[in-house]
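Reader: Hi! Could you walk me through this one?
Author: Happy to, here it is.

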Amino acid sequence: MLLSLSFFNRVQASHIVGGEMTYRCLGGSLYQIQLTIFRDCENGFPQAYFDDPVPVGIFAGSNGALLSTEYIPWSGIDDTLDLALANPCFVVPPNVCIHTTTYSTVLNLPFRVGGYHL
């Protein structure tokens, strides 16, 4: 077992620290899907970029079956969040840095009994 552990190399990564997905009905069966991702830019690997494109699975809401996978292109925006807090009782540690980016696309999701999960 010790011999097998000696073959591992050092691994670096830029970790996702959060995200949110929203949608907006554009009318009929068209929906604008927006995915916002937050990544640690202080402790992560600086050469690791956001995925382009990012895969989003479309699942049946009734049974969870995978219906399709959509690939949403990267906006190309890699912004650093302003972590200033309005409440003076809260303090942001000095080593916190968050990059953010947004993915957006329009999907045609026709009516389906049970809906969808993305």
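This is a predicted model: local features need pLDDT of at least 70, side-chain atom pairs count only at pLDDT 80 or more; totals for chains, interfaces and linings use all residues.

Reader: Thanks! In what order do the 4 strands of the open sheet come?
Author: The order is β1-β2-β6-β5, with antiparallel pairing. Strands here are DSSP runs (E, at least two residues), numbered from the N terminus, and two strands pair if DSSP finds at least two bridges between them.

Reader: Which strands stand at the edges?
Author: Those are β1 (16–27) and β5 (79–80); each has a single partner strand, so one side of each is left without a neighbour in the sheet.

Reader: And how many bridges join β5 to β6?
Author: There are 2, and the strands run antiparallel. Asp-79 has Thr-100 in β6 as its bridge partner.

Reader: Switching topic: is Phe-90 buried or exposed?
Author: Phe-90 counts as exposed, because its relative accessibility is 56%. The cut-offs are under 20% relative accessible area for buried and over 50% for exposed, with partly exposed in between (1.4 Å probe, protein chains only). Phe-90 sits in the loop between β5 and β6.

Reader: Which pocket residues lie nearest the centre of the largest pocket?
Author: Tyr-23, Tyr-31, Leu-109, Tyr-116 and Leu-118, out of 13 lining residues. A pocket is an open set of points on a 1 Å grid over the protein atoms alone, where a 1.4 Å probe fits, with protein on both sides within 12 Å along at least five of seven lines; lining residues have an atom within 4 Å of a point.

Reader: Which elements give two or more residues to that lining?
Author: They are β1, β2 (30–40) and β7 (116–117). The largest share, 3 residues, comes from β1.

Reader: Last one: why is β3 described as largely enclosed?
Author: In β3 (residues 54–60), 5 of the 7 residues are buried, so the rest of the structure largely encloses this strand. β3 pairs with β4 (residues 66–72) in the antiparallel sense over 6 bridges, and Val-56 has Glu-70 as its bridge partner in β4.

Reader: What does β3 do with β7?
Author: The two run antiparallel, joined by 2 bridges. There, Phe-59 stands opposite His-117 in β7.

Methods:
Residues are numbered from 1 along each chain as its sequence is written. Side-chain values use heavy atoms; hydrogens and water are left out.
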